[in-house]
Amino acid sequence: MKITSPKCLIIDDDPIVSRILSLLVSREGLECVLAADQFSALTLAEAHQDTLQICFLDFSLPLTDSGALYETLSKMLSAPVIFISGYSKSELANQMPGLEFQFLGKPFMRAQILEILRGPGLSGNTELASV
């Protein structure tokens, strides 16, 4: 029987953001898989859906309907999907009326990532905004 470690899917076209977030998350024991576009994101989400514990999704992926991708990932995965963005949560909400989503603002702090990974943010906190 193959043993697989719990994973985090990070979807961001900025390699610096992906790398920083990956470092912070991996220190908490999750293996990170990285995607830079919606196609690789969906492929990786499907391939790792049984081991994904959380997914971070950049709102501003090029050539992507972020709301539709969020909904697709949320239905596909049992893990929470959290938008990350330099925009405010209200700006995202205005662009995606009626969509309820979890949110983490950029720039984010290590403490915010730890709160999400260790606390109630994984299961139900929908107001994860930057400090």
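## Packing of helix H1 against helix H5

Leu21, Leu24 and Val25 of H1 are in contact with Arg110, Ile113 and Leu117 of H5, contact meaning heavy atoms within 4.5 Å. By class, the residues of this contact of H1 with H5 are five nonpolar, no polar and one charged, where Ala, Val, Leu, Ile, Met, Phe, Trp, Tyr, Cys and Pro count as nonpolar, Asp, Glu, Lys and Arg as charged, and the others, Gly among them, as polar.

The model is predicted, so that local features need pLDDT of at least 70 and side-chain atom pairs count only at pLDDT 80 or more, while totals for chains, interfaces and linings use all residues. Residues are numbered from 1 along each chain as its sequence is written, and side-chain values use heavy atoms, with hydrogens and water left out.

Two packed helices are described by the angle between their axes and the distance between the axes. The axes of H1 (residues 15-26) and H5 (residues 110-118) come within 10 Å and cross at roughly 50°; axes are lines fitted to C-alpha atoms, for helices over the stretch in contact, and angles run from 0 to 180 degrees between N-to-C directions. H1 and H5 are therefore oblique to each other, since angles under 35 degrees count as roughly parallel, over 145 as roughly antiparallel, 65 to 115 as roughly perpendicular and the rest as oblique. The crossing of H1 and H5 is right-handed, that is, the near helix is turned clockwise from the far one by less than a right angle.

## Chain layout

Five helices and five strands make up the secondary structure listed for the protein chain, with helices (H or I, at least four residues) and strands (E, at least two) taken as DSSP runs numbered from the N terminus. Along the sequence these elements follow the pattern β-α-β-α-β-α-β-α-β-α.

Of the 131 residues of the protein chain, 46% count as buried, buried meaning under 20% relative accessible area, exposed over 50% and partly exposed in between (1.4 Å probe, protein chains only). Among contacts in the protein chain with a separation of 6 or more, 62% come from residues 24 or more positions apart.

## Helices H2 and H3

H2 and H3 pack with their axes 11 Å apart, at an angle of about 5°, which makes H2 roughly parallel to H3. Here Gln38, Leu42, Ala45 and Glu46 of H2 meet Leu69, Thr72, Leu73 and Met76 of H3, and the contact has five nonpolar, two polar and one charged residues.

## Nonpolar cores

The largest nonpolar core has 23 residues, of which Leu9, Ile11, Leu57, Leu73, Phe83 and Phe101 touch the most other members; such a core is a set of buried Ala, Val, Leu, Ile, Met, Phe, Trp, Tyr and Cys residues joined through side-chain atoms within 4.5 Å. At least two residues of this core come from each of S1 (7-11), S2 (31-35), H2 (38-48), S3 (52-58), H3 (66-76) and S4 (81-85). A second, separate core of 17 residues includes Val17, Leu24, Val25 and Ile116.

Leaving aside residues up to four places away in sequence, Phe83 touches residues including Leu57, Tyr70, Leu92, Met96, Phe101 and Leu104.

## Two loop positions

Thr51 lies in the loop between H2 and S3 and counts as buried at 13% relative accessibility. Beyond residues up to four places away in sequence, Thr51 touches Thr4, Ser5, Pro6 and Lys7.

Ala36, in the loop between S2 and H2, is partly exposed, with a relative accessible area of 43%. Ala36 and Ile11 are 25 residues apart in sequence and 5.6 Å apart in space, C-alpha to C-alpha, whereas the residues that Ala36 touches, not counting those up to four places away in sequence, are Asp12, Asp13 and Leu61.
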